[in-house]
Amino acid sequence: MLSTVSVREFSYNPSAMFARVEQGETIEVTRHGSVIAVLLPGSGTLGRYASLVAKGVIRLKATTTSDIDRLARYDVPPDVSPLELLLADREDDER
């Protein structure tokens, strides 16, 4: 789920915002209508790198919710394994 909050709203209760993110919600923080930050749950791919980012060892490319639109979408029939579908797609990729 994606929500948008203003910097002012975020500043009133940041702990509540982080609690929502812990529950899996993604929150865009805006200033004057422009997105200035995106709070993402720390599990999954980003979570793997959290400690390295915190130490300054690596920097992640800035991500916005517009990047989500570029992710491949798959319609998976109930009798097909999503993993098999992804692996087959990867085999067809000539990169």
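This report describes the sheet, the nonpolar core, an aromatic pair and a salt bridge in a predicted model.

Residues are numbered from 1 along each chain as its sequence is written, and side-chain values use heavy atoms, with hydrogens and water left out. Because the model is predicted, local features need pLDDT of at least 70 and side-chain atom pairs count only at pLDDT 80 or more, whereas totals for chains, interfaces and linings use all residues.

Helices (H or I, at least four residues) and strands (E, at least two) are DSSP runs, numbered from the N terminus. Three strands form an open sheet of mixed pairing, in the order E1-E2-E3, where two strands pair if DSSP finds at least two bridges between them. Strand E1 (2-6) and strand E3 (34-39) are the edge strands, each pairing on one side only. From one strand to the next the twist averages 30°, taken between axes that are lines fitted to C-alpha atoms, with angles running from 0 to 180 degrees between N-to-C directions. E2 and E3 are joined in the antiparallel sense over five bridges, and Arg31 stands opposite Ser34 in E3.

The largest nonpolar core consists of seven residues, namely Val5, Phe10, Met17, Val21, Ile27, Val29 and Leu39; such a core is a set of buried Ala, Val, Leu, Ile, Met, Phe, Trp, Tyr and Cys residues joined through side-chain atoms within 4.5 Å. Helix H2 (14-22) and strand E2 (26-31) are the elements that give two or more residues to this core. Leaving aside residues up to four places away in sequence, Met17 touches Val5, Glu9, Phe10 and Ile27, a contact being heavy atoms within 4.5 Å.

One aromatic pair is counted, under the rule that rings of Phe, Tyr and Trp (its six-membered ring) pair if their centres lie within 6.5 Å, with planes under 30 degrees apart stacked, over 60 edge-to-face and the rest tilted. The rings of Phe10 and Phe18 have centres 5.7 Å apart and planes at 85°, so this pair is edge-to-face.

The structure also holds one salt bridge, defined as a side-chain nitrogen of Lys or Arg within 4 Å of a carboxyl oxygen of Asp or Glu. Arg20 forms this bridge with Glu25, and their closest N and O atoms are 2.8 Å apart.

The table gives the accessibility of the residues in these two pairs, where buried means under 20% relative accessible area, exposed over 50% and partly exposed in between (1.4 Å probe, protein chains only).

| Residue | Relative accessible area | Class |
|---|---|---|
| Phe10 | 19% | buried |
| Phe18 | 41% | partly exposed |
| Arg20 | 26% | partly exposed |
| Glu25 | 11% | buried |
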